[in-house]
Amino acid sequence: MELSLFLAKLLGVYLLIIAADMLFRKSELEKAVKDFASSKGLLLLSGSSSLFVGLAIIFAHPVYAKSWQGLVTLLGYLLVVRGMMRFAFPSLVQKKISGIFHKRYWIIFFAFLIVGFYLAYMGFTSSKY
């Protein structure tokens with residue numbers, strides 16, 4: 001349970017910070033994502049990081065429940081998929097990432113905000129026992 005609380009706090013606060021950044025720096029972030037997508041080296045590096053963090057979450061926190069704890073594990077799996085996509089298909093990711101980020105900017109923002117708030121709330125208000 002302590003690991004679940006820690007990961008919920010960590011992921012929740014991280015997503016809230018990213019959502020706040022997205023809210024206040026939209027045009028800068030869109031340019032940064034376009035620059036990021038143009039570099040296969042950065043895609044491979046970020047894919048490696050995503051894969052590493054995702055696997056760490058999956059191995060350390062194998063909770064498969066319809067709860068906030070299951071959401072933490074699901075985020076681990078999503079990170080693994082993202083990492084593998086960036087490794088296996090960097091050219092495809094290069095073509096798609098900028099357009100998807102631009103077209104679905106506010107959907108991504110609200111998803112980060114809602115999931116971040118939910119996980120942070122659960123992490124900081126749930127009892128350890």
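Helix axes are lines fitted to C-alpha atoms over the stretch in contact, and the angle between two of them runs from 0 to 180 degrees between N-to-C directions. In this predicted model, helices H4 and H5 pack with their axes 5 Å apart and at an angle of about 110°. Because angles of 65 to 115 degrees count as roughly perpendicular, H4 and H5 are assigned to that class. On the H4 side, the contact is formed by Met85, Arg86, Phe87 and Ala88, which meet Pro90, Leu92, Val93 and Ile97 of H5. Seven of the residues in the contact of H4 with H5 are nonpolar and one is charged, while none is polar.

The largest pocket of the model holds about 1500 Å³ of space. Its lining comprises 32 residues, and those nearest the pocket centre are Leu79, Arg82, Arg86, Ile108 and Phe112. At least two lining residues come from each of helices H1 (2–24), H2 (26–37), H3 (40–60), H4 (68–88), H5 (90–103) and H6 (105–125). By class, the lining of the largest pocket consists of 25 nonpolar, three polar and four charged residues.

Arg86 is also a contact partner of Ser46, as is Phe36, when residues up to four places away in sequence are not counted. Ser46 belongs to helix H3. With a relative accessible area of 16%, Ser46 is classed as buried, because the limit for that class is under 20%. Ser46 and Arg104 lie 58 residues apart along the chain, and 21 Å separates their C-alpha atoms.

Notes
Residues numbered from 1 in each chain as written. Predicted model: local features only at pLDDT ≥ 70, side-chain atom pairs only at ≥ 80, totals over all residues. Heavy atoms only, no water. 1 Å grid on protein atoms, 1.4 Å probe; cavity = no way out; pocket = protein on both sides within 12 Å on 5 of 7 lines; lining within 4 Å. Points joined across faces, edges and corners; volume = space filled by probe spheres on them. Helix = DSSP H or I, 4+ residues; strand = E, 2+ residues; numbered from the N terminus. Nonpolar A, V, L, I, M, F, W, Y, C, P; charged D, E, K, R; others polar. Buried < 20%, exposed > 50% of the residue type's maximum accessible area, 1.4 Å probe, protein only. Contact = heavy atoms within 4.5 Å. Parallel < 35°, antiparallel > 145°, perpendicular 65-115°, else oblique.
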